[in-house]
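Dear colleague,

I am passing on the structure we discussed, with notes on what turned up when I went through it. Please have it open beside this message as you read.

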Amino acid sequence: MIFPRLIWSALAAALLVGTVQSGIQQWQAVPIVLAAEVYEGQRLEAPPAPAAAQAHVHAESVAPEPAHAHGAAQEWTPAEGAERMFWTWTANALHAFSMALLVFAVMGVCLWRGAAQRSLPLALLVASAGWLSFHFWPSLGLPAEIPGMDAARLGSRQGWWVLAAVSAGLACASVAGLRSPLRWAAAAAWLALPFVVGAPHITADPLAGFSGNVQAQLRELSMQFVWATTWVSVSFWLAMGLVCGAAFQRWLRPVLQAAFESPQPNAPVAKAVNP
């Protein structure tokens with residue numbers, strides 16, 4: 001009974017939150033991406049550099065077609081307009097579904113441990129931890145990048161992002177779950193770990209392949225994109241906290257409390273053996 005309610009609650013939250021996120025993306029982030037894509041084709045030919053110092057193209061840039069694959073069918077991409085907006089909304093809804101499941105799971109653990117907060121404040125606290133773990137802390141080392149910017153190797157950036165997200169999550173868990181005064185020191189150590197390791201960056205200017213005027217335009221767009229993605233993330237997790245708090249209170253908390261408070265079956269009593 002709990003599992004179907006969990007799935008349907010997460011699905012309802014995903015549809016609402018994914019729609020909110022898609023709308024704010026179209027308003028804040030998409031115009032900046034489209035503006036950067038206009039300059040993306042104006043990259044100058046860079047002089048040859050040693051292999052160890054060459055910059056890797058950002059994951060969102062269009063990769064050059066390999067010579068041996070010349071003439072092969074191009075990879076499918078959604079058409080501009082309604083089709084692209086639909087698939088963006090689909091991706092946002094799937095992302096929101098996974099995050100809603102995570103929020104509900106953490107709230108269920110808190111309820112099992114005897115949390116006294118009402119569902120809405122608890123959901124907002126969990127959503128705040130999610131924002132810290134999945135956006136704010138990783139973005140301090142690897143801020144959002146516009147198309148056309150050079151960056152470190154994708155695998156290195158992904159590995160550091162995971163390290164930062166896990167470290168921030170463990171810091172939140174230390175503060176919430178531990179009772180020792182040392183929990184604050186443990187949280188600080190977890191938060192510092194990814195920056196002790198160091199985020200991967202290239203030594204060259206990420207916009208070195210562009211002329212001076214284009215560089216100035218892209219730097220301005222890059223700063224705007226960092227703020228735009230921040231607002232998108234804040235709105236996503238705020239909506240996640242509000243919607244998941246209401247859904248948890250309405251559909252999940254009653255059944256979870258009943259399951260946690262139900263008496264455990266008594267152990268079988270051994271029968272006395274008459275001498």
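**Starting from F195**

F195 is partly exposed, since its relative accessible area is 35%; here buried means under 20% relative accessible area, exposed means over 50%, and partly exposed covers what lies in between, with a 1.4 Å probe and protein chains only. Before going further, please note that this is a predicted model, in which local features need pLDDT of at least 70 and side-chain atom pairs count only at pLDDT 80 or more, while totals for chains, interfaces and linings use all residues. Residues are numbered from 1 along each chain as its sequence is written, and side-chain values use heavy atoms, with hydrogens and water left out.

**Overall make-up**

The protein has 275 residues, of which 31% are buried. Its secondary structure amounts to 6 helices and 2 strands, where helices (H or I, at least four residues) and strands (E, at least two) are DSSP runs numbered from the N terminus. Along the sequence, these elements come in the pattern α-β-α-α-β-α-α-α. If one takes the contacts (heavy atoms within 4.5 Å) between residues at least 6 apart in sequence, 82% of them join residues at least 24 apart.

**Aromatic residues**

Across the whole structure, a search gives 12 aromatic pairs; rings of Phe, Tyr and Trp (for Trp, the six-membered ring) pair if their centres lie within 6.5 Å, and planes under 30 degrees apart count as stacked, over 60 as edge-to-face and the rest as tilted. One of these pairs is W137 with F195, which is edge-to-face at 5.4 Å centre to centre, with 90° between the planes. Because W137 belongs to helix 3 (residues 119–141) and F195 to helix 5, this pair ties together parts that are 58 residues apart in sequence.

**Helices 4 and 5**

The axes of helix 4 (residues 154–177) and helix 5 (residues 183–197) come within 8 Å and cross at roughly 175°; the axes are lines fitted to C-alpha atoms, for helices over the stretch in contact, and the angles run from 0 to 180 degrees between N-to-C directions. The two helices are therefore roughly antiparallel, on a scale where angles under 35 degrees count as roughly parallel, over 145 as roughly antiparallel, 65 to 115 as roughly perpendicular and the rest as oblique. From helix 4, the residues in this contact include W160, L163, S167, L170 and S174, and from helix 5 they include R183, W184, W190, L193 and F195. Sorted by class, the contact has 16 nonpolar, 2 polar and 1 charged residues, with Ala, Val, Leu, Ile, Met, Phe, Trp, Tyr, Cys and Pro counted as nonpolar, Asp, Glu, Lys and Arg as charged, and the others, Gly among them, as polar.

S174 in helix 4 is buried at 8% relative accessibility, and, leaving aside its neighbours within four places in sequence, S174 is in contact with R183, A186, A187 and W190. L154, also in helix 4, is partly exposed with a relative accessible area of 38%, and L154 and P200 are 9.5 Å apart, C-alpha to C-alpha, although 46 residues separate them in sequence.

Q25 in helix 1 (residues 2–40) is buried, with a relative accessible area of 18%, and its contacts are V30, P31, T88, N92 and V232. A93 in helix 2 (residues 82–112) is buried at 10% relative accessibility and is in contact with A14 and G18; A93 and T19, 74 residues apart in sequence, are 7.2 Å apart in space, C-alpha to C-alpha. A247 in helix 6 (residues 212–261) is buried at 7% relative accessibility and is in contact with S9, F104 and L252, while the C-alpha atoms of A247 and A12, which are 235 residues apart along the chain, are separated by 8.3 Å.

**Cysteines**

The structure holds 0 disulfides, a disulfide being a pair of cysteine sulfur atoms within 2.5 Å. C110 is partly exposed at 24% relative accessibility, and C172 is partly exposed at 22%.
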